[in-house]
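My notes follow in the order I took them.

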Amino acid sequence: MKKVFLAFLFVAISAYISACGTTIPIPQEKDVVAMSKNFPNTKLSDLLRGRELYVRKCSGCHTLKNPSDFTSAQWEQDIPDMKTKAKIKDDEAQAILLYVLAYAKDSNQISSR
Ligand code: HEC
């Protein structure tokens, strides 16, 4: 009985996780390495916090935009705009920007500059 319950829980949790973030990348250590070329001192926890805030604060009015659909320049313009709309604090906007820049359309160029 317990096993069945655990199996059910596992399926439920997996479905829940995939439903809220299929196209929204989950930060990994390699992303931290790439980012730290331009943003030294970036930590995995910073990117994870950025993702968490992004999912929580930026999905209220429209579906979450895929970070790689926009260039870093577009993100640098859009985030201050959306910061006002989403009524978030400076440091939250900063964390979200760092997160989306890690996966921006031109993130390869950014990270190898
Ligand atoms: C209060 C509603 C609202 C919230 C919250 C919000 N947005 Fe938006 N967002 C909009 C609207 C409306 C548009 C389309 C019109 C525009 O570009 O202003 C938009 C458009 C965008 C675009 C597309 C711009 C383009 O060039 O096509 C991006 C990217 C974006 N939002 C990112 C975000 C991010 C990141 C957050 C979280 C910080 C966020 N949004 C939170 C309302 C919102």
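At what angle do α3 and helix α5 (residues 90-101) pack, and how far apart are their axes? I am working from a predicted model. I read an angle of about 105° for the pair, with the axes 8 Å apart. Angles of 65 to 115 degrees count as roughly perpendicular, so I put α3 down as roughly perpendicular to α5.

Next I listed the residues that make this contact. From α3 I noted Asp-46, Leu-47, Arg-49, Gly-50, Arg-51, Leu-53, Tyr-54 and Lys-57. From α5 I noted Glu-92, Ala-95, Ile-96, Leu-98, Tyr-99 and Val-100. Sorted by class, the contact of α3 with α5 has 8 nonpolar, 1 polar and 5 charged residues.

I then turned to the ligand. Which residues come nearest to the ligand? The shell holds 16 residues, and Cys-58, Cys-61, Met-82, Lys-85 and Ala-86 come nearest. I checked which element supplies the largest share of the shell: helix α4 (residues 72-86) does, with 7 residues.

My last entry is on Asp-69, which I found in the loop between α3 (44-57) and α4. Why is Asp-69 classed as partly exposed? I counted 13 other C-beta atoms within 10 Å of Asp-69.

Technical notes: Residues numbered from 1 in each chain as written. Predicted model: local features only at pLDDT ≥ 70, side-chain atom pairs only at ≥ 80, totals over all residues. Near = placed C-beta within 6 Å. Helix = DSSP H or I, 4+ residues; strand = E, 2+ residues; numbered from the N terminus. Buried ≥ 20, exposed ≤ 12 C-beta atoms within 10 Å, placed from the backbone. Axes fitted to C-alpha atoms, helices over the stretch in contact; angles between N-to-C directions. Parallel < 35°, antiparallel > 145°, perpendicular 65-115°, else oblique. Contact = placed C-beta atoms within 7 Å. Nonpolar A, V, L, I, M, F, W, Y, C, P; charged D, E, K, R; others polar.
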